[in-house]
Amino acid sequence: MLSIPASRPNAYSGSPLDRASNRREDAAFIKAALADAETLFVPVWRSRSLMKGVPEGAPEAVLLTGAAAEAVRMAGGPWAFLGFWEGRPVFAVDCSEAEDPLPLLPEGMGAFTDLRAVAGLLPPGEASVLAHARGLMHWRTRHRFCGVCGAGCEPRSAGNAMACTNCGTQHFPRTDPAVIMLVVREGRCLLGHSTRFPNSVMYSTLAGFVEPGETLEEAVRREVKEETGIDVGDAHYHSSQPWPFPASIMLGFHAEGLSDEITIDPEELRDARWFTVEEMRNPEAHGFALPRGDSIARRLIEDWLAEAGQ
């Protein structure tokens, strides 16, 4: 089985930020940056991002400065330094404590929107920054207490770490690795319909979290076997995609199927099938839909189809 290279970057990748981790402990710099009228703030409200142009199909991120940023910060939620964007400091700020944050902002600032719904339409750099802010704020709002002793935690490193006020344990943002794989065999590919899919006709690549003590290739083989009963041989890395929904990174593979008969795990899948190249190139005509264009699942499929056409 040939390794299939990634044809282009995945959504949420290609961040324009210099994360400048060396400035996180510089209290004087952080204090001055928070007060600087030119500093940019990325607001997050209940895991949604502030954007305008969404109804017109031309979304763009809304970053706050000056008085608007101060109004959102007054909501009292956590914040964190993300880095520099073209020389300007950038912070994430969570305003989820406000029942409705829009009245805190000047009129016409847009609305808070689910990033996943529009990521494929956003400029790549903006999608990456919004994803970064969303993932970090999700961690901050859900890790207020120490997992060792249960005491409260306080932010450190400009919001990029938490420290227990009792036992002193340091806690850092977690990213859970998950493998996602397109299994191929004799000109066909294996797709499943998950019990969690809201789209009743969508079929996608298989995926699952990496377990402790497991290589990525072993995770690929285990997940495919558990969910469909298909044996897998070689697994070739394709690309990765940040997926802060809430806290994952997707590690994409193309994998070699060694068997044909499918036996699904009904707790994970409603259905799984082998699809031909012809079916994959015209899914609507064959009664199914492919995953969204911003997903690494779609990228794995598109790059395999491109290779199959050569």
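# Report on a predicted model

In strand S15, Phe 275 is the residue that stands opposite Cys 189. The model described here is predicted.

## Strands S10, S11 and S15

S11 and strand S15 (residues 269-276) run antiparallel and are joined by seven bridges. S11 also pairs with strand S10 (residues 176-185), again in the antiparallel sense, over three bridges. Here Cys 189 of S11 has Val 184 opposite. Two residues separate S10 from S11 in a hairpin, and Glu 186 in the turn has a positive phi of about 50 degrees. Strand S11 (residues 188-194) is largely enclosed by the rest of the structure, because six of its seven residues are buried.

## Overall dimensions

The protein contains seven helices and 15 strands. Its C-alpha atoms fill a box of roughly 60 × 50 × 35 Å along the principal axes. The radius of gyration is 22 Å; for 310 residues, a compact globule would have a value near 19 Å, and the two agree. Of the 310 residues, 49% are buried. Among contacts with a separation of 6 or more, 66% are between residues 24 or more positions apart.

In soluble globular proteins, nonpolar side chains tend to be buried together. The largest nonpolar core in this model has 52 residues, and Tyr 12, Leu 115, Leu 191, Met 280 and Trp 304 are those with the most contacts inside it. Helix H4 (residues 124-142) gives the largest share of this core, eight residues. A second core is separate and has 21 residues, including Ile 30, Val 62, Val 72 and Phe 81.

Val 72 is also one of the buried residues of helix H2 (residues 66-73), together with Ala 68 and Ala 69.

Tyr 12 lies in the segment before helix H1 (27-35). Beyond residues up to four places away in sequence, Tyr 12 touches a number of residues, among them Leu 115, Ala 127, Ala 131, Trp 243, Phe 245 and Asp 294. Phe 245, one of these contacts, is joined to Pro 246 by a cis peptide bond with omega of about 15 degrees. Pro 246 lies in the loop between strand S13 (232-243) and S14.

## The sheet S7-S8-S9

Three strands form an open sheet in the order S7-S8-S9, with antiparallel pairing. Strand S7 (153-156) and strand S9 (170-171) are the edge strands, each pairing on one side only. Two bridges hold the antiparallel pair of strand S8 (residues 161-164) and S9. Met 162 has His 171 in S9 as its bridge partner.

The loop between S7 and S8 contains Ser 157. Phi of Ser 157 is near 50 degrees, a positive value in a residue other than glycine. Tyr 12 likewise has a positive phi, near 75 degrees, and is not a glycine.

## Selected buried residues

| Residue | Relative accessible area | Class |
|---|---|---|
| Tyr 12 | 3% | buried |
| Ser 157 | 16% | buried |
| Glu 223 | 8% | buried |
| Gly 257 | 3% | buried |

Glu 223 is part of helix H5 (residues 216-228). Leaving out residues up to four places away in sequence, Glu 223 touches Met 181, Ala 207, Gly 208 and Phe 209. At 8% relative accessible area, Glu 223 falls under the 20% cut-off and so counts as buried.

Gly 257 is in strand S14 (residues 248-257). Apart from neighbours within four places in sequence, Gly 257 is in contact with Val 183, Val 184, Arg 185, Ile 230 and Asp 231. One of these, Val 184, is the residue opposite Cys 189 of S11. Between Gly 257 and Asn 160 there are 41 Å in space, C-alpha to C-alpha, and the two are 97 residues apart in sequence.

How values were computed. Residues numbered from 1 in each chain as written. Predicted model: local features only at pLDDT ≥ 70, side-chain atom pairs only at ≥ 80, totals over all residues. Heavy atoms only, no water. Core = buried A, V, L, I, M, F, W, Y, C linked by side-chain atoms within 4.5 Å. Buried < 20%, exposed > 50% of the residue type's maximum accessible area, 1.4 Å probe, protein only. Helix = DSSP H or I, 4+ residues; strand = E, 2+ residues; numbered from the N terminus. Contact = heavy atoms within 4.5 Å. Pairing = 2+ DSSP bridges. Rg over C-alpha atoms; globule rule 2.2 N^0.38 Å.
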